[in-house]
Amino acid sequence: MIKKILKFLLFIAILLAIGSFIFVNSKKPQYSGELNIENLNDKVTVYFDEIGVPHIYAQNQQDAYIALGYLHAQDRLWQMELIRRISAGRLSEIFGKDMIDTDKFFKGIGVEEAADRSIKNLDTTTISYKLTNAYLNGINQFIDKGSTPIEFSLIGIEKENYTIKDIYNVFGYMGLSFAQAHKTDPLMTNLKNKLGYHYMVELGLKTEPNSTMIGNYNPNVKSESKVASVVNNILDKSVVPPFIGSNSWVVGEKKTKNKKVILANDPHIAFSQPAVWYQSHIVTPNFEIYGFNLALTPFPLLGHNHDYAYGITLFENDDNDFYSEKDGQKYKNRKYTIKVKDDQDVEFQVKVGRHGPVMNDFIDLIDSEENIAMDWVYTKFDNDMLHVSYEISHANSLDDFKKGVEKIHAPGLNMMYGDAKGNIAWFAAAKLYSRENDANTKYILESENDKISYLDFNQNPQAINPPWNYVYSANNQPKAIDNRLYPGYYLAEDRAKRIVNLVQPKNDFTKEEMQEMIMDVTSPVVLKNINTVLKNISKVNLSDNEKEAIEILKSWKGDYKSTHTAPTIYNKFIYNFLKNTFADEMGEEGFKQFLKTHLYKRQIAKQIQNRKSIWWDNTSTKEIKENRDEIFTSSFHEAITDLENQLGEDVNDWTWDKALSITHRHAFDKVEALKSIFNVGPFITNGGNEVINNQLFQLDGSGKYEVKGGPSTRRIIDFSDIENGIAILPTGQSGNVFSKHYKDQAQKYLDGEFYKMMLNKEEIEASKDVLVLKSIK
């Protein structure tokens with residue numbers, strides 16, 4: 001009897017194993033064999049390389065983009081679903097009531113209305129429009145014929161076909177995801193009203209004239225703080241990664257060993273799983289591009305071929321103002337309905353005036369009687385990003401590329417360029433404007449301060465073949481043009497200073513040296529900070545651990561390596577230093593919001609060097625007036641005590657790998673039974689805030705930092721060896737958990753390794769995985 005039961009159980013186990021095998025294989029992307037595809041004019045052959053990048057060989061671009069759409073969908077359909085839903089305000093339909101605030105916000109700001117207007121004015125005869133529809137046709141064919149991603153089944157939603165409006169909604173999310181205006185302006189207004197201008201002037205809200213700036217060379221020419229809190233909460237729980245920052249530099253022929261241009265680029269975006277970019281290589285008889293596409297976008301924002309290469313960083317310009325509306329303003333009302341999974345629909349309406357939507361109507365925590373309107377450049381003009389991305393990926397010259405980037409209005413992007421002819425260029429691409437009065441746009445403005453004039457693109461910061469033979473961007477402030485410094489939310493100079501320090505003196509760069517540079521983890525700014533602090537803290541009654549920590553900081557070179565203890569000590573000190581300096585005036589909630597702005601990063605070095613700051617005095621100690629040295633000393637003592645409690649009494653155990661980790665989180669991260677399957681990580685990493693290998697974490701009092709974002713890809717293109725450009729993604733090419741390419745790049749990414757971006761046809765045709773797409777007659 002027992003034998004029969006065991007045999008039966010074995011039989012069931014075999015059946016389950018066979019069933020699981022069949023199920024898993026039915027869900028995998030198809031990388032080889034043949035597929036019948038509608039609307040093709042000819043056969044398309046796709047070679048998948050060792051990391052799953054499709055090299056698409058077609059007889060015409062129409063066929064190539066149908067193929068791209070199909071292949072992109074089979075690896076990333078779940079990601080496409082999330083990104084089309086977020087800016088349309090449709091996440092509550094699949095995730096329930098926890099996403100209502102997010103949906104209200106995105107519906108309220110008017111992304112869909114802007115998309116409708118842009119689409120209405122589209123020229124449907126253009127090649128870009130026709131190729132976009134070919135791409136959508138490929139996606140929708142996969143939806144109709146391909147396997148359903150397991151995420152759809154687990155949540156219980158049906159697949160829907162995609163339209164061009166979904167693509168425009170992606171551009172809308174890209175435009176808003178930077179969101180520093182929402183994090184900064186309301187908070188600064190609240191602090192100004194609470195503390196007065198004499199406190200605010202030290203925060204440097206306009207410009208930083210002594211900072212490292214990008215050089216131009218153009219040969220042709222109250223409840224307000226709740227807004228910040230809500231936007232931070234929305235972006236913190238976003239299932240789609242927001243854009244954050246970036247590095248890029250392009251060195252000219254005179255600065256390379258082989259006398260050819262080299263381009264490096266690593267856009268910084270919040271980490272998630274799947275990774276942000278999808279790589280592809282398209283080849284037709286008259287066109288070639290190796291590109292990196294966002295989900296649901298047909299044309300790459302990063303790309304190269306044998307003739308030219310381009311990349312992006314965020315410009316960080318100010319394109320979003322807030323106005324306090326006066327009584328008597330005329331409004332139109334927009335009505336919205338949010339469908340909520342397992343709950344009742346939510347209906348609301350938003351007033352829209354001359355400055356834009358009134359945020360009180362869709363951010364519940366704004367309880368002020370004063371209407372706060374959001375004036376966003378993105379919604380003021382038709383969105384041309386579809387044509388921009390087509391034109392920059394199909395450019396035949398530097399002039400063609402420039403004509404494409406001139407059409408960008410929001411978000412502001414630094415467009416980086418280099419080519420085989422030796423040209424290099426940087427364009428700060430955005431719709432910039434000047435204001436008739438001197439109103440500070442880091443505050444909520446009075447409604448009469450709205451007189452602006454838009455500038456011609458030639459007045460934008462840019463550099464074309466500058467005599468110093470390189471261009472770069474690290475989200476830092478560009479130098480003035482016409483004595484005008486453009487307002488923005490620029491980042492601290494740390495990365496910019498390091499890039500300039502490395503690039504400027506050297507004239508024989510190689511691709512291998514660029515590979516080392518893009519992984520650099522040294523900050524030139526922290527050494528000056530440490531030197532000032534250590535000179536001015538009191539040395540009286542230091543413990544043994546405090547003495548040892550001082551010696552460690554003295555010998556530190558500013559490099560954020562996982563085996564070092566200095567980064568752990570420094571970051572713990574910096575948090576306590578900022579808290580002891582600002583929290584008494586800002587309040588607990590205000591201080592938390594301050595640490596989520598770029599402003600705090602810019603303030604660290606400046607505050608450390610400011611001996612007579614008004615912020616030094618602790619407002620809660622009425623009988624005592626604190627000074628800088630006392631803040632330094634108390635912050636240092638607190639840091640060492642905190643680390644002893646957190647990591648133990650042995651200072652040698654306080655290594656950076658104990659404090660910093662990285663996990664690429666899937667949308668199912670909150671589901672305990674699923675997160676270990678879909679998440680990738682945790683990992684140990686080198687790097688930290690504002691070094692070139694920018695591993696971005698939220699500074700807080702815990703002393704345990706999770707990397708939230710960083711290089712979304714690293715790319716290096718050397719025109720002396722153009723067929724062997726190199727790149728890496730943080731996890732893998734596929735967003736399908738059953739794919740062999742779901743996380744096959746993760747460890748190599750952390751180790752600073754790269755894969756080849758193959759352009760050589762003979763090498764590509766040697767690929768093991770070959771998929772032939774045939775036309776259905």
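Is V500 buried or exposed? The coordinates come from a predicted model, and in it V500 has a relative accessible area of 14%. Buried means under 20%, so V500 counts as buried. V500 is found in helix 14, which covers residues 494–503. Between V500 and Y472 there are 8.3 Å in space, C-alpha to C-alpha, and the two are 28 residues apart in sequence.

An open sheet of 11 strands with mixed pairing has the order 1-29-2-3-6-7-8-9-15-16-20. Its edges are strand 1 (33–37) and strand 20 (462–464), and each has a single partner strand, so one side of each is left without a neighbour in the sheet. From one strand to the next, the twist averages 20 degrees.

How many of the residues of strand 7 are buried? The count is 7 of 7, and the strand is described as mostly covered. F287, I289, G291 and N293 point one way from strand 7, while E288, Y290 and F292 point the other way, and all are buried. Strand 6 (residues 278–284) pairs with strand 7 in the antiparallel sense over 7 bridges, and the two form a hairpin with 2 residues between them. Strand 7 is also joined to strand 8 (residues 302–304) by 3 bridges, again running antiparallel. G291 takes part in both pairings: G291 is the bridge partner of S280, and G291 stands opposite G303 in strand 8.

Helix 12 (residues 385–393) lies across strand 7 (287–293), strand 9 (308–314) and strand 15 (413–419), and it runs at about 145 degrees to strand 9. Helix 13 (residues 398–405) touches strand 9, strand 15, strand 16 (424–429) and strand 20. The direction of helix 13 makes about 10 degrees with that of strand 16.

Another open sheet has 3 strands in the order 11-12-13, with antiparallel pairing. Strand 11 (332–338) and strand 13 (356–357) are its edges; each has a single partner strand, so one side of each is left without a neighbour in the sheet. Strand 12 (residues 346–353) pairs with strand 13 in the antiparallel sense over 2 bridges, and V352 has P357 in strand 13 as its bridge partner. Helix 4 (residues 100–108) lies across strand 11, strand 12 and strand 13, running at about 145 degrees to strand 11.

Now to the nonpolar side chains. The largest nonpolar core has 230 residues, of which W249, W277, F401, M415, L578 and F594 touch the most other members. Helix 2 (residues 61–88) gives the most to this core, with 14 residues. Leaving aside residues up to four places away in sequence, F594 touches L187, M188, F582, M586, L599, Y600 and Q603. A second, separate core has 5 residues, including Y47, Y57, V283 and I764.

Charged pairs come last. Side chains of opposite charge can pair when their charged atoms come close. The structure holds 38 salt bridges. One of them joins R90 and E160, with the closest N and O atoms 3.1 Å apart. R90 lies in the loop between helix 2 and helix 3 (92–95), and E160 lies in the loop between helix 7 (150–155) and helix 8 (164–176), 70 residues apart. E160 is partly exposed, with a relative accessible area of 31%.

E112 and K165 also meet in a salt bridge, at 3.5 Å from N to O. Because E112 lies in helix 5 (residues 111–120) and K165 in helix 8, the pair ties together parts that are 53 residues apart in sequence. Both ends are partly exposed: the relative accessible area is 22% for E112 and 23% for K165. In a further salt bridge, between E513 and K506, the closest N and O atoms are 3.2 Å apart. E513 is partly exposed at 27% relative accessibility, and K506 is partly exposed at 23%. Salt bridges that share partners also join E81, R84, R85, R90, E93, E160 and D166 into one network.

Key
Residues numbered from 1 in each chain as written. Predicted model: local features only at pLDDT ≥ 70, side-chain atom pairs only at ≥ 80, totals over all residues. Heavy atoms only, no water. Core = buried A, V, L, I, M, F, W, Y, C linked by side-chain atoms within 4.5 Å. Buried < 20%, exposed > 50% of the residue type's maximum accessible area, 1.4 Å probe, protein only. Helix = DSSP H or I, 4+ residues; strand = E, 2+ residues; numbered from the N terminus. Contact = heavy atoms within 4.5 Å. Salt bridge = Lys/Arg side-chain N within 4 Å of Asp/Glu carboxyl O. Pairing = 2+ DSSP bridges. Axes fitted to C-alpha atoms, helices over the stretch in contact; angles between N-to-C directions.
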